[in-house]
Amino acid sequence: MHQEDVDFEVEPETFLEPATTTTTTAAAASSKSAAPAPSSGALVEVEDDGKLQKSIEGWILIVTGLHEEAQEEDVMELFAEFGQVKNLHMNLDRRTGYVKGYCLIEFEKLSEARAAVARLNGESFMGRPLVVDFAFAKGPAARG
């Protein structure tokens, strides 16, 4: 068998451009950019400062400090004030049937999610202070 030398020089731009594009409004385009997701190849929006990250479906908030007797409807009503809630997930304790103390809430628009975080973080709900923040954020690389 004959071994050939192969030149693997590749233009860097070919790896930086996503295969598909997303449609955003002009105002939204100035605050976020699209980048390919590492495993699926689907586009994932990243906030301009590079810290907040959108899931495939929307902007997900984690809410902790929920009262154990909180109902899904009450939490939905509280967050619906800021925009359309696409999804709400509350884990229940299998033994007691009560809320475990946290939930995940999904908004389609970053502006709605930001408004909910700004207004509800630290607010009292059913006698307990809520902690509301973005569930997905890029942090510094782990050093080992």
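How many bridges join E4 to E5, and which way do the two strands run? Six bridges join them, and the strands run antiparallel. The model discussed here is predicted.

## The sheet

E4 and E5 belong to an open sheet of four strands. The order is E4-E5-E3-E8, with antiparallel pairing. E4 and E8 are the edge strands, and each pairs on one side only. From one strand to the next, the twist averages 20°.

One bridge can be picked out by its residues. Met90 has Cys103, in E5, as its bridge partner.

## Helices on the sheet

Helix H3 packs on the sheet. H3 touches E3, E4, E5 and E8. Its direction makes about 145° with that of E4.

Helix H4 lies across E3, E5 and E8. H4 runs at about 150° to E8.

## The nonpolar core

The largest nonpolar core has 26 residues. Leu61, Leu66, Val75, Phe79, Ile105 and Phe107 have the most contacts inside it. Several elements give two or more residues to this core: strand E3 (59-64), helix H3 (72-80), strand E4 (85-92), strand E5 (99-107), helix H4 (110-120) and strand E8 (131-134). H4 gives the largest share, five residues.

Take Val75 as an example. Leaving aside its neighbours within four places in sequence, Val75 is in contact with Leu66, Ala70, Leu88, Met90, Cys103, Ile105 and Phe125. Met90 and Cys103 are the bridge partners met above.

## A buried glutamate

What lies around Glu106? Leaving aside neighbours within four places in sequence, its contacts are Glu57, Gly58, Trp59, Ile60, Gln84, Val85, Lys86 and Asn87. With Gly58 there is a polar approach: the backbone nitrogen of Gly58 lies 3.2 Å from a polar atom of the Glu106 side chain.

## One aromatic pair

The structure holds one aromatic pair. Trp59 and Phe134 form it, edge-to-face. The ring centres are 6.3 Å apart, with 85° between the planes. The pair links distant parts of the chain: Trp59 is in strand E3 and Phe134 in strand E8, 75 residues apart. Both residues are buried.

Met126 sits in the loop between strand E6 (124-125) and strand E7 (128-129). Met126 has a positive phi of about 55°, although it is not a glycine. Its relative accessible area is 38%. That value falls between the 20% and 50% cut-offs, so Met126 is partly exposed.

Definitions and conventions:
Residues numbered from 1 in each chain as written. Predicted model: local features only at pLDDT ≥ 70, side-chain atom pairs only at ≥ 80, totals over all residues. Heavy atoms only, no water. Core = buried A, V, L, I, M, F, W, Y, C linked by side-chain atoms within 4.5 Å. Buried < 20%, exposed > 50% of the residue type's maximum accessible area, 1.4 Å probe, protein only. Contact = heavy atoms within 4.5 Å. Polar contact = N/O pair within 3.5 Å; in protein donor to acceptor, adjacent residues only side chain to side chain. Phe/Tyr/Trp six-rings, centres within 6.5 Å; stacked < 30°, edge-to-face > 60°. Pairing = 2+ DSSP bridges. Axes fitted to C-alpha atoms, helices over the stretch in contact; angles between N-to-C directions.
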